[in-house]
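Biologist: Thanks for sitting down with me. Could you walk me through how this chain is packed?
Modeller: Gladly, here it is.

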Amino acid sequence: MFDYRLKVFHTAATRLSFTKAAEELHISQPAVTKHIKEIENQLNTKLFDRKGTSIQLTQSGKTLYGYAEKIRNLYRDMEFEIGQINQQHKGKLIIGASTTVAQYILPEILAKFNTYYKDIKIELLTHNTEDISELLKQGKIDLGIIEGESQSSYFDYKIFKPDEIVLVAKADHPLAHKNMVLKDVYNLNLIFREQGSGTLEFIQNRLKEKGIHIDDLNTVMHLGSSESIKNYLLHSDCMAFLSISTVLNELKYNSLTIIDIKNFSIERNFHFILPKGEQSELIRFFLSKV
């Protein structure tokens, strides 16, 4: 029921491309231009500025985009609540999840959810914890699932699942079966996640509690995903702190191993992150089922 012209504008504004909007909506690019021109004429304002081959929202466009988001969400919630009355579960949910959660935990959960609620369409966006928080603040996602520790007054946080971060190396690493204490980390070559990663934030904080500053360690490289780090470890004598969720297969097939550090562990919880205030029926329904 979302007004079609507004839907065209919303898609173009989200993608910042008339071409991509046309492809997503399965209409021609001239049709996209026509719908947006009609809105501009109705509101007597310009919505986009062209800069070379790219487009940007004008101030009027940014204002309309904010209202279009609210209208889209209202339509979605209305359809879901009416569906609930008729014992149907319909709607669309945009979830943002940090990399570890999106790659290793959510796929199984979403597959099971889809088995029972096929008419609830889910779009999953994957970013690091910092970016997920910003997307939620901008209203571009409905809820987030993060691994970071910092909390903002903008949001409510609810525990999703427990996790542990462990020190990992290739199975035939020379130190694989050595007894280690925490101060030994000064002698290791380490790979870490990128800045903005929730996993990196947890590692920094737990080490700092023990008097170890991550800047004093021998960091060989920062890589943007757990997959990249795991593959790097297989071809080097470096080690890395990774979520146990990311290495279950490698541990099973004995390609990577956990290096135990005496009297030291990093335990955490993954969290749902939600805008403060009353949540929509669709969000509450999803949270009750996962």
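Biologist: How are α2 and α3 oriented to each other: roughly parallel or roughly perpendicular?
Modeller: Keep in mind that this is a predicted model. Helix α2 (residues 18-25) packs against helix α3 (residues 29-43) at an angle of about 105°, and their axes are 8 Å apart. Angles of 65 to 115 degrees count as roughly perpendicular. The two helices, α2 and α3, are therefore roughly perpendicular.

Biologist: Which residues of α3 does α2 meet?
Modeller: Sorted by class, this contact of α2 with α3 has five nonpolar, three polar and no charged residues. From α2 come F18, T19, A21 and A22, and they meet, in α3, Q29, V32, T33 and I36.

Biologist: Which element gives the most to the largest nonpolar core?
Modeller: That core has 23 residues, and L143, I145, F160 and F286 are those with the most contacts inside it. Elements giving two or more residues include β3 (91-97), β5 (143-146) and α11 (281-289). With five residues, the one that gives the most is α11.

Biologist: And F160, which residues does it touch?
Modeller: F160 is among the residues with the most contacts inside the largest nonpolar core. Leaving aside residues up to four places away in sequence, F160 touches V101, I105, L106, I109, I145, F270, H271 and F272.

Biologist: Does E201 count as buried or exposed?
Modeller: E201 sits in helix α8 (residues 198-209). Buried means under 20% relative accessible area. E201 has 17% relative accessibility, so it counts as buried.

Conventions
Residues are numbered from 1 along each chain as its sequence is written. This is a predicted model: local features need pLDDT of at least 70, side-chain atom pairs count only at pLDDT 80 or more; totals for chains, interfaces and linings use all residues. Side-chain values use heavy atoms; hydrogens and water are left out. A nonpolar core is a set of buried Ala, Val, Leu, Ile, Met, Phe, Trp, Tyr and Cys residues joined through side-chain atoms within 4.5 Å. Buried means under 20% relative accessible area, exposed over 50%, partly exposed in between (1.4 Å probe, protein chains only). Helices (H or I, at least four residues) and strands (E, at least two) are DSSP runs, numbered from the N terminus. Contact means heavy atoms within 4.5 Å. Axes are lines fitted to C-alpha atoms, for helices over the stretch in contact, and angles run from 0 to 180 degrees between N-to-C directions. Angles under 35 degrees count as roughly parallel, over 145 as roughly antiparallel, 65 to 115 as roughly perpendicular and the rest as oblique. Ala, Val, Leu, Ile, Met, Phe, Trp, Tyr, Cys and Pro count as nonpolar, Asp, Glu, Lys and Arg as charged, and the others, Gly among them, as polar.
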